[in-house]
Each structure stands twice: as structure tokens, then as C-alpha cells.
2 protein chains.
Amino acid sequence: MVNYFSSDFKLGILGGGQLGKMMLYETRKYDIQTLVLDPSNEAPCKISCNYFEQGDLMDYDTVLNFGRKADVVTFEIEGVNVDALKKLESEGIKTYPSANTLEKIQNKAVQKKFYEEKNIPTADFEVFDTLKELNQAIENGKIEIPFVWKGATGGYDGKGVSVIKKTEDLNSLPEGECVAEKLIPLKNELAVIVARNPSGEMKTYPVVEMEFHPTVNQVEYVICPARIDEKVAELARKTAEKVSEAFEHVGLLAVEMFQTEDDRILINEVAPRPHNSGHYSIEASYTNQFEQHIRAILDLPLGNTDSKVGGIMVNLVGDKDHEGDVVYKNIDEIMKMDGVTPHIYGKKATRPFRKMGHVTIVDKDLDKARKVAEKVKNSIKVISK
Amino acid sequence: MVNYFSSDFKLGILGGGQLGKMMLYETRKYDIQTLVLDPSNEAPCKISCNYFEQGDLMDYDTVLNFGRKADVVTFEIEGVNVDALKKLESEGIKTYPSANTLEKIQNKAVQKKFYEEKNIPTADFEVFDTLKELNQAIENGKIEIPFVWKGATGGYDGKGVSVIKKTEDLNSLPEGECVAEKLIPLKNELAVIVARNPSGEMKTYPVVEMEFHPTVNQVEYVICPARIDEKVAELARKTAEKVSEAFEHVGLLAVEMFQTEDDRILINEVAPRPHNSGHYSIEASYTNQFEQHIRAILDLPLGNTDSKVGGIMVNLVGDKDHEGDVVYKNIDEIMKMDGVTPHIYGKKATRPFRKMGHVTIVDKDLDKARKVAEKVKNSIKVISK
């Protein structure tokens, strides 16, 4: 085994946002040296890594030259230069997840075709190179409204996805390659995180459930374990494993899926990295997702993915009416509640709906945790001074 | 409430060792700015803090000038200049724990007298200003062998303590003020961590038990909860609370105690900071000791001290036959075991018995954890290249 601990080994991380920051808690715990590349000079990762470089993640030379300083390269965001990763791999620098895997995932049209090819259940779809072609297909009845529009590239945090309910909705769509996906009646939106290492060892985390706001179409709580039938949970985990193996994925793969009204599991999309739906694991799991990602990409044994306690995650997003230096109003109130842990990502300025942090609520009794989570959501506010 | 989170508030930490390093995980989680002072340029805290300064913790001017850069000052080691802390307090810079509290604890003779004064149960003792006076007291029968010798100052990790079993043992004692303590037959060595904030809110962690090696007199496992009678545990926690209140302590106070054969609780000594006996809390508790220390000194609400699961801690100390660049032999073996988390402190070089890290083993079933802990202890070795 390579000696990673308090050694000269260097892990390169592309992206220095909150996911990278939480990954660094684990590299510090193992005393693994890290290099971080991020476009912002105020990146949350700027301290806690051994070396920080400011630069463009999509620039070939920047990523290549950065990667050459590392022994293994990983990323905390999909928007990185894949050609540079390929070059690094050709030079014998391991990049996990691999450039090939990332390439299939970066483009949603390619991703959807991949599922079709591998017989992985996903909602029916058509791919269009231009908006014009999509509109034509609608005119001659090949695509029926309502449907789900997905931009092939550039989507993040639910951006680049919109449900087209009426003809007028088409006017707001941007130009470019896109996917038109059949709108399917759902029971639940679920997610499963799969960890896989180069030796092929694979473990899945319990199925989590996204609970949406009753009226606004926005995830309010990520709940682990999902309050679903054991058979459905088993099917979800098996399907997620199938996806991870199909991609020959190494590292963490967050698999987002739909539970249909007739209890089928359809893959929505994947993220090849630690994921918002796994943040609960820091407090609730025997091995949190960030430690697991490090274990996986370094080909270390994978840790136990079971939960110690029930966990619920609430995102802390900037209040829609506030912009400027952030204040976490009533954070002391929520810290009075049992099993509540706030995570502050370290962004000085808040903006409407900007992801500023998250709060985890754990309890041996998941229903209790759910009630506390609601109190948390109704107490804390992310505002400006 | 002061706005600590992603604000200009600065916490100064005296000492940059592993305790400070683990404290920094929590200040990062809350995005609280930190300044660290440590004599070593290779201190584990050097990265992850916002500002690092190399300097002597016992030097008045160094500590004073460092402290003036902070809004609140704390420490992760007792060996700091108390007069500088007093000056900082007089200038309105909060130091927690307070200079007065630390002063009483730094000197074991003063500490023992304090317990006597406050009617806190502790083993009978005599204080001697010089070794000569101690020897005279033994000659004229005022002190009988066997007894426990404790140096008044400079003791750390059990150094500065020795059990005098025969006259020859006296020859090895160093010069200086000391405490001669009655040797008491014990059932167990226990510890309780108390958290207290400036508002007077107080919480205790469950009682932990030190399990010693059957033959060598060395702690092998710290076990939470202690496998003792509920009545004794209750008495231990109440006694620890009494000690914390007597010191008007703010922050974490680790209270080490003896359970006598007739189930009395006697205070051995205290540490006014996060403590080795609380490391298990990172994986096992709802609120780990480092987060709790931060909550306490910043007068935030204290977190739940209950455990999610049973926890056992094993120290990783340098093998007696190895010196030089460290290698953690078989660390991959222990990482295969469920509920096992290694913590590597980040010291490049190992030395015989040097504290290099620790391993936490958690399980809902404490007996299972105890068996795994033994496997861990028999597998991993801290050696040099």
C-alpha cells in the first residue's frame, strides 16, 4: 500500500468550494497533503490545504500544470477540463473519477444515451442539437407538452432543468443542445450514494428521500433513511450499484432517482463526487461521505455506510430579500436544540438563494428529528447585516 | 449575541498541537477566524488557522502581543504565561479558561490545597518545597512508603508522577516543590468532562473508564460509557460538576478521578481543556468535545453530551524501538474493521512512546467495540521507515 499518512504523497483537488472544504477535514484527519485549484481567491478551501492555486478549472494548461504537481487528482465539481485530465492520465497521474467517466456525465444527452445503452431504467427522452429542432418536434407532434427540458451542459443545483407545462414556457428556454424527457408521475425523489474503489470494492449508503415543500417546488429536507418500503429501498440500492459499475466509477457517485407511482426506480441523473444528499452522513453515518470518497480514490478499504442515528439535512440558502455581508440570524436558537449541527461554508457575502451552509439534525427517532428539522427551518435566517 | 460566523471575530489559541488541530475542525465548520501561537514551525495547527505565529508560550511579551490580536483567547496546553493572560484580561480581552483558574491548576500543590479548601474529596497529601524536606519527613516517619510523588509543576501525560514503593525509588526524584500523596487501593480510574459557559450553563459527558494493561502500568483503552455501577457514575458526574463550579471554570474541564475499593470518588487532577479522555466523542457523541469547548468559551448554547454509540479510544504511540520518519504499519488492516477511525496528528517523525495519533472504535454494542479495539491494538504499529 502507498504510504499516504504524514508522507510526501500529494492529493490534488480541482475546485475549492464547500465540498472540497469538507473533504479537507478528512485529509487533515489522515494528515494527507493536499493541493487545491479554484478560480476564486476567497474559496472556502483556501486554508486547510497545503497548497492553494487560483486558476480556471476549464483551462487546459492550468489544470494540466496543477495536476502535474499531484500524485492523485480528484474534483469536487464536474466543470473541469476533461482533456487535461486525459493528458494527466496518459502521463501516469491517476485521476479519480476518471476522465472517461466524467465525460459521460458532464453532458446530460450523453448521460441519458449511456443509460439507454446499458439498459439502466430512465425516463423516455429525445435529444435535440438545437432549440429550433426541439420546437419543430413539438410542432409536428413528436414531443408532447408537458415534458421536462434539460440543457445538455451547464446545469448545476437544479439549474438547466425546467418543466414545460404550456407552449409559452418554451419562450424562456436558452439556445443549445438539450434533452426532452417524458414527465412521469412520481411518488418520491430518492438518492443513493455509491462508493467504489479501484480494486472494485463497492458499498452503498442507505436510500435518502428528498421532501419537497408542499406548494413551492423546492427540496426542504433530505431524510435518511427514506421513509419507503424496504423492497423499493433494496431496488434503489441495487440500481445505483448497477449505474456505478456501468460507469466503472471510482470514488463517490451520487445517484438521483425517481420512485414512480407504480414503484419502479428510474435514474434521473448522477454526480461523480460527494453530494448535498450525503451531508447528513457527517453526523449520522459510521463513515461520512467525504472520508469515504478519500478512502475510495486512494484504494483504501471502504468504511461502514450504516447510520448510527437517523439524519435530516436542511440547506441554508440566502434569503431572497438580502444581499451583502452575511448574518446567520437565530443560529444560537437552533444550537439550543438537541442533535442540531450547523455547517457554515465560509462565504462572506449572501445572495438570494445562494448556498451558504447546511444544518444536520440527528436523533435515534427519525420522526423526532423531522419535527426538530421543521423548527430549525422556521428559526434560522440567512440575511445580510 | 456576538456574530462569530463568517465575521471579523478572531479566536486566539495558545498552542498548536493535536488538540488545537482538532479544535480547528470545529472553527472551520463554523467559519470562525483563528490565530494560533506555537513554538514549533511544524505544529499540526500550522495550516487550517487563519494566522499562525511561531513563539514561546511561556514568554510574557510573546503571549501578550499575540493575544492582543484576538477577541477571545483560549489554550490547548496548560504551559502558557499566566501573567500575560491576566494583562490581556485587564485590557478587556476575554481569556477562557481564566488566568485565575489556570493558575490554580498549573501547580499541583496549589491544586490539591484548593480541593482541601473547597471540601472536594481527594487523596490525603503533604506539600514539600524541596526534595530535602520530603526526605526529612520520610526519615522522621511523617511520610510512609509506599506513597505517590507528584512534581508541583511541569507534569504532563503522567510525567512528573511516580509511585514510591521502596527507599531506593527516592534517588530518582528530581529537585523542586512536590506533593506526597497517600497511595489508595483503587477499583477504577475514571474521568468526566464538564463543559461550562460564561452564562453558567453546565453539562457533563458520560463517565469514561481507563482500562490498564494487565501487567504494565499503562492505559490501553479509554471506554465510554465506563462499565461501572450507575450510582457510582452519578456520584462521579456530580463531583466533577462541583469541581467545575469551584474553579468557576469556563470551557472544558477534564476531571480525572479514582473509584476507591469502597466506591468513593476521589479527585486525582484536572485539565482545563479538551482531553485525551474525550477523543472518543468525535465519533460517539452528539457534540464532540472540541465543538463543545468552542461553544462554551464563546457563550453559545452547550450541545447534547449523550452518546450515539459506545466508543473506545486507543492511543497511537511511537514504537519503543523506532525513531525517524513515521510509517503507520497495517493502518489499512484496521480501516477494514467496522466503526474504526484513525486520527493522524501530523508529526513527521516518530520517537519511542511519542503520541502520534489515536484510533476510535465505535459500535452500538460496547463489548463488540472492546473486542475490535483489541484487534486494532494488536494490528497497527507506529514505526519508522
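How many salt bridges does the structure hold over all chains? The count is 46, where a salt bridge is a side-chain nitrogen of Lys or Arg within 4 Å of a carboxyl oxygen of Asp or Glu. A note before the views: this is a predicted model, so local features need pLDDT of at least 70 and side-chain atom pairs pLDDT 80 or more, while totals for chains, interfaces and linings use all residues. Residues are numbered from 1 along each chain as its sequence is written, chains are lettered from A and ligands numbered from 1 in the order written, and side-chain values use heavy atoms, with hydrogens and water left out.

**View 1. Where chain B meets chain A.** Here 48 residues of chain B are in contact (heavy atoms within 4.5 Å) with 48 residues of chain A. Together the two chains bury about 4,200 Å², 55% of it on carbon and sulfur atoms; that is accessible area (1.4 Å probe) lost on putting the two parts together, summed over both. On the chain B side, Arg28(B), Lys308(B) and Met335(B) lose the most area to chain A, together 16% of what that side buries.

**View 2. A salt bridge across the interface.** The rule finds two salt bridges between chain B and chain A. In one pair, Asp8(B) and Lys348(A) meet through their side chains at 3.8 Å, N to O. Helices and strands that each supply at least two residues to the chain B side include helix H1 (18-29) and helix H9 (289-297); these are DSSP runs numbered from the N terminus (helices H or I, at least four residues; strands E, at least two). Strand E18(B) gives the largest share, five residues.

**View 3. The largest cavity.** Its volume is about 450 Å³, and the count comes to six cavities of 30 Å³ or more. On a 1 Å grid over the protein atoms alone, a cavity is a set of points where a 1.4 Å probe fits but cannot get out, and lining residues have an atom within 4 Å of a point. Grid points are joined across faces, edges and corners, and the volume is the space filled by probe spheres set on them. Of 29 lining residues, Ile282(A), Asn288(A), Glu26(B), Ile282(B) and Asn288(B) lie nearest the centre. H1(B) contributes the largest share of the lining, four residues.

**View 4. A salt bridge within chain B.** Arg68(B) pairs with Glu91(B), the closest N and O atoms being 2.6 Å apart. Distant parts of the chain are linked here, 23 residues apart: Arg68(B) sits in the loop between helix H2 (60-67) and strand E4 (72-75), Glu91(B) in the loop between helix H3 (82-90) and strand E5 (94-95).

Conventions:
On a 1 Å grid over the protein atoms alone, a cavity is a set of points where a 1.4 Å probe fits but cannot get out, and a pocket is an open set with protein on both sides within 12 Å along at least five of seven lines; lining residues have an atom within 4 Å of a point.
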